[in-house]
Amino acid sequence: MKRKMKSLLTLVLSVLLIFSAIIPAFAAVGTTGSRVPVVMIGGDGDLLADKDGNYLSRWSDVFSNLSEKSEDESGSKEIYKSVANVLLPFLIDGLLTGNYEPYYENLQKEVSEMFGELLLDENGEVANGSGLAERRIKSMESDLKRDSKRGKGYYGISDYQFYYDWRLDPLETADKLHEFIEGVKKITGAPKVAIIARCLGTVIATTYVAKYGTDSVYGISFDGTVSNGGEILSEPISGKFKLDGNAINRFIIDGRAVNSFYVDEFVNQTIDLLQTAGVFDTVAGITKETIYYVVVKGVTSALSLSTFCTWPAFWSLVTEEDFDNAMEYVFGKEGSEKRVTYAGLIEKINNYDSLVRKHIPEIMNKINDNANLAIFSKYGLQITPVIESRNTVGDQYASVKRSSFGATTSDIYSTLSDEYIAQRVSEGKGRYISPDRQVDASTCMFPDQTWFIKGADHGYWTDIEDAVMYTAATANHQLTVDETDCTQFVVFDNETDSFAPMTEENCNNYNWEANKEHDLPSSKASRLLLFLTSLFKWLKGLGEMLRNKK
C-alpha cells in the first residue's frame with residue numbers, strides 16, 4: 001500500500017513539475033476577476049456597413065478582393081483597363097511633356113475606386129451613409145443596460161466592448177468613448193473603469209485622456225500602441241523611402257509565418273536575383289537622378305488620398321518629427337490647391353496634432369500619476385520593408401522605441417554593444433537588457449511597467465497579453481514587471497501558440513536569419529558568386545513553377 005501511495009505521490013509531483021516548467025509566464029492572470037468594470041478598445045478593422053446595412057470590406061481585404069478579381073476574365077479586363085488609364089498619362093504626358101498631373105489624377109481615381117465606400121470626403125467625414133455596423137451599435141446599447149458583474153461576482157475582460165468607426169477623427173471618437181464610459185459607470189455604480197486598448201484603440205484612449213482627464217480611469221493597459229506614432233504610415237507619406245530587396249523578402253517570410261498572406265517561393269527567389277544583380281540600387285539611383293523629385297511627391301499624394309489619408313484617425317500614426325513633411329507630401333505646400341480642397345480634413349488633422357500628438361509624454365505621465373498603467377511592446381517581425389526604418393527592431397507596424405515609449409534598441413542585424421551593456425550594468429540597470437541583447441528597457445518612460453514580446457504578430461492578441469493587461473489595469477495598486485510571473489521579456493512561438501520567458505537559448509526565434517550575410521558583399525568576386533547562386537535558384541524555381549502550371 002505504501003509503495004502504491006509513493007508511486008501515486010511521485011506521479012502527482014511529476015505532473016506538477018511539468019506544469020510548473022511550461023507555464024512560468026501564465027501565473028498572473030487575474031483568475032479571481034475584477035471588482036472594476038473593464039472597457040475594451042480594439043484596433044482598426046471592425047465591422048463597417050454601407051447605408052443599406054451591407055458589410056464593407058476591411059481595408060486590408062481590398063488587395064485580396066483585387067487578387068480574386070484578377071482570376072475572373074471580366075475582372076482581368078477591368079484591371080488591365082485601370083492600369084492603362086494610369087500608365088498612358090504617365091508615358092504620354094509625363095515622360096514626353098513633363099506634365100504629370102493627369103497621371104496623378106488618374107492614379108488617385110483608379111485606386112479610389114478600389115477602396116470604394118471606405119473613403120471619406122474632403123472634410124474627413126462620411127458622405128455615403130457608411131459607418132459602424134448596426135449589430136455593433138446594438139451590442140454596446142445592450143451592454144449599457146446590464147451590470148455584467150451580477151451573477152458571476154466579477155467583471156470580465158470583454159464585458160464592455162467599445163466599438164467605433166476607425167476611420168473617423170479620434171477627437172470625435174473620444175467623445176463617444178466618454179459617453180460609453182459614463183454609461184458603464186451608471187449601470188455598474190462604479191466610480192471608475194479600467195481600459196484595455198490595442199493598436200489604434202490606444203490612440204482613442206490617449207485622446208480620451210487628453211480631452212477628459214483621468215477622473216473616471218482606474219487603470220489603462222496598452223498593447224501594440226501606435227499612439228506614439230507608427231513608421232508603417234508615417235515614413236511612406238513623408239518621403240522616407242528606401243528600396244531594399246532583403247527587407248521585402250523578410251516581410252514576405254514573416255507574412256507567411258504568421259499566416260497573414262501567402263507568396264510563392266518563386267517571388268522570394270526573384271527578389272533575391274534582383275537584389276544580387278544590383279537592380280534595386282540601380283533603379284533607386286536612376287529614379288533619384290531623373291524623376292524622383294518630380295514624381296514621388298505626386299504619387300505619394302495620389303496614393304494617400306485614394307487610400308488611408310482621408311481617414312483622420314490614421315494621421316495619428318504620423319510622428320511629430322515627420323508631421324510637416326507628411327502634410328507637404330500629401331497636400332502640397334501652404335496655399336496649394338489641395339490644401340484648399342481638403343481644408344476640412346486638414347483642420348481635423350491639425351486639431352489632433354495640437355491637442356494630442358504634441359503632448360503624448362504629458363498624457364502618459366498623467367495616466368501614470370493618477371491610474372494603473374501597463375504597456376506591452378512587440379518585436380521580431382519585419383517592419384515596412386521600403387522605408388528608411390526597415391532595419392528597425394519592431395512589430396511590422398511600429399518600432400519598439402515608439403511602442404514602448406522610449407526603449408533603446410539595436411537594429412535587426414546586431415545587438416547592443418558590449419560597452420553599452422557594461423555601462424548599463426555599472427549603473428545598476430543590467431536587468432533591463434533583454435536576453436537577446438537587442439532591447440534596453442531602462443530608457444522607457446516607465447521601465448518597470450513595460451513588457452516585451454518577441455515573435456508575436458502585431459494583430460494577434462494572445463491570452464497571456466490579455467491576462468497581464470487585465471490584471472495590471474484592475475489591480476489594487478500599480479503592478480511592476482517583478483510582481484507578475486510574466487517576465488519582462490518573453491518569447492512567443494507561433495507554431496505552438498505558446499509563451500516562455502526569454503532566455504539566451506530561445507531568443508533567436510526570427511523567421512529569417514538576422515545577420516549581415518544577407519547584405520551584398522563588397523568583393524566583386526564574392527558578389528558574382530552570390531549572383532550566380534541566386535540565378536541558379538531562380539532558374540530552378542522557374543522550372544518548378546512551369547511544371548506545376550501544366
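This report describes a pair of helices, one glutamate and several salt bridges in a predicted model.

## Basis of the model

Because the model is predicted, local features need pLDDT of at least 70 and side-chain atom pairs count only at pLDDT 80 or more, while totals for chains, interfaces and linings use all residues. Residues are numbered from 1 along each chain as its sequence is written, and side-chain values use heavy atoms, with hydrogens and water left out.

## Helices H7 and H16

Helix H7 spans residues 200–212 and helix H16 spans residues 360–370, and their axes come within 10 Å and cross at roughly 80°. Helices here are DSSP runs of H or I with at least four residues, numbered from the N terminus, and the axes are lines fitted to C-alpha atoms over the stretch in contact, with angles from 0 to 180 degrees between N-to-C directions. H7 and H16 are therefore roughly perpendicular to each other, a term that covers angles of 65 to 115 degrees.

On the H7 side, Thr206, Val209 and Ala210 meet Ile363, Met364, Lys366 and Ile367 of H16, where contact means heavy atoms within 4.5 Å. By class, this contact has five nonpolar, one polar and one charged residues; Ala, Val, Leu, Ile, Met, Phe, Trp, Tyr, Cys and Pro count as nonpolar, Asp, Glu, Lys and Arg as charged, and the others, Gly among them, as polar.

## Glutamate 465

Glutamate 465 lies in helix H19, which runs over residues 463–474. Glutamate 465 is buried, with a relative accessible area of 0%; buried means under 20% relative accessible area, exposed over 50%, and partly exposed in between, using a 1.4 Å probe and protein chains only.

The side chain of glutamate 465 is joined to that of lysine 378 by a polar contact of 3.2 Å, that is, a pair of N or O atoms within 3.5 Å, of which, within protein, one must be able to donate a hydrogen and the other to accept it, and residues adjacent in sequence count only if both atoms are side-chain atoms. Leaving aside residues up to four places away in sequence, glutamate 465 touches Asp223, Phe376, Lys378, Ile453, Tyr460 and Phe499.

## Salt bridges

The structure holds 23 salt bridges, each a side-chain nitrogen of Lys or Arg within 4 Å of a carboxyl oxygen of Asp or Glu. One of them links arginine 167 and aspartate 165 at 2.8 Å, N to O; arginine 167 is buried at 0% relative accessible area, and aspartate 165 also counts as buried, at 8%.

Another salt bridge, of 3.2 Å from N to O, joins the side chains of glutamate 334 and arginine 339. Here glutamate 334 counts as exposed at 68% relative accessibility, whereas arginine 339 counts as buried at 14%.

How values were computed. Helices (H or I, at least four residues) and strands (E, at least two) are DSSP runs, numbered from the N terminus. Angles under 35 degrees count as roughly parallel, over 145 as roughly antiparallel, 65 to 115 as roughly perpendicular and the rest as oblique.
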